[in-house]
Amino acid sequence: MPMDYFVWAAVSDKQTVVVDTGFTAEVAAKRGRDHLRCPTEGLREIGVGCEQVSCVILTHLHYDHVGNLEKFPEATFVVQEEEMAFWTGRYAGREHFRHTVEMEDVVQLVRENFEGRLRFVDRNEEIVPGVEVYRAGGHSAGLQVVRVETEKGKFVLASDATHFYANIEEDRPFSIVHDLSRMHGAFDLVRSLAGSPAHVVPGHDPQVMQRFPPARKGLEGVAVRIA
Ligand SMILES: [Zn+2]
């Protein structure tokens with residue numbers, strides 16, 4: 001199935017929270033992915049300047065979610081303790097796992113930690129009013145999903161807890177697995193958190209770009225507005 005790659009911004013009149021940071025053109029070339037644009041350019045198109053963003057939630061450390069970190073110089077990065085611990089721990093270098101991350105991204109996050117720029121979460125936490133993270137695990141050791149309170153209800157940015165709508169709707173886990181039983185648990189968690197099945201936003205489903213309207217005129221196929 002074809003895959004899209006998303007970054008999200010949760011915007012209120014008080015604060016902007018970015019969810020995930022995509023990956024770079026260099027990593028795309030190395031891994032044979034089509035790189036349409038730098039995510040920071042996409043964010044700029046919807047009025048979010050990454051230089052000013054103070055809060056970035058990283059759902060997990062796989063390469064397609066944590067590139068471009070240095071383009072957010074003012075940000076604190078929100079990570080799950082279990083996810084950081086895994087990628088700096090005993091099994092990170094094993095073949096089954098290592099290809100899903102760029103080592104440089106992990107090293108960069110270690111540097112950010114030493115500079116006091118990581119906010120660690122152990123399980124569930126409200127990050128700013130209206131934006132909460134929940135640890136799901138399954139696809140990666142400490143994958144977290146993000147629930148955002150909006151005028152249109154409670155949306156869950158499920159990230160890779162469900163790559164496609166089909167995964168969660170058919171209870172059929174994706175093939176990259178850290179813990180299969182927890183992947184099923186992640187489906188249950190996402191279902192319980194979302195206002196309705198239509199409030200689940202999968203991590204990589206091209207249908208997301210069809211189901212939601214463009215963020216503004218001219219951004220068809222580039223950015224959608226969830227709520
Ligand atoms: Zn992913």
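Ala, Val, Leu, Ile, Met, Phe, Trp, Tyr, Cys and Pro count here as nonpolar, Asp, Glu, Lys and Arg as charged, and the others, Gly among them, as polar. On that basis, the lining of the largest pocket divides into 29 nonpolar, 8 polar and 11 charged residues. The model is predicted: local features need pLDDT of at least 70, side-chain atom pairs count only at pLDDT 80 or more, and totals for chains, interfaces and linings use all residues. Residues are numbered from 1 along each chain as its sequence is written, and side-chain values use heavy atoms, without hydrogens and water.

**Zinc site**
- Asp64 (OD), His65 (NE2), Asp160 (OD) and His204 (NE2) coordinate the zinc ion at 2.1 to 2.2 Å.
- Donors are N, O and S atoms within 2.8 Å of the metal (3.2 Å for Na, K and Ca); water is not among the atoms, so sites may look incomplete.
- Along the chain, the zinc donors follow the spacing D-H-x94-D-x43-H.
- Asp160 sits in the loop between S9 and helix H6 (165-169), and His204 in the loop between strand S10 (200-202) and helix H8 (208-211), so the pair ties together parts 44 residues apart in sequence.
- Helices (H or I, at least four residues) and strands (E, at least two) are DSSP runs, numbered from the N terminus.
- Asp160 and His204 are both buried (under 20% relative accessible area, with a 1.4 Å probe and protein chains only).

**Pocket linings**
- Strand S1 (8-11), helix H2 (39-45), strand S8 (144-150) and strand S9 (153-159) each supply at least two residues of the largest pocket's lining.
- The second largest pocket's lining has 5 nonpolar, 6 polar and 4 charged residues.
- A pocket is an open set of points on a 1 Å grid over the protein atoms alone, where a 1.4 Å probe fits, with protein on both sides within 12 Å along at least five of seven lines; lining residues have an atom within 4 Å of a point.

Key:
Buried < 20%, exposed > 50% of the residue type's maximum accessible area, 1.4 Å probe, protein only.
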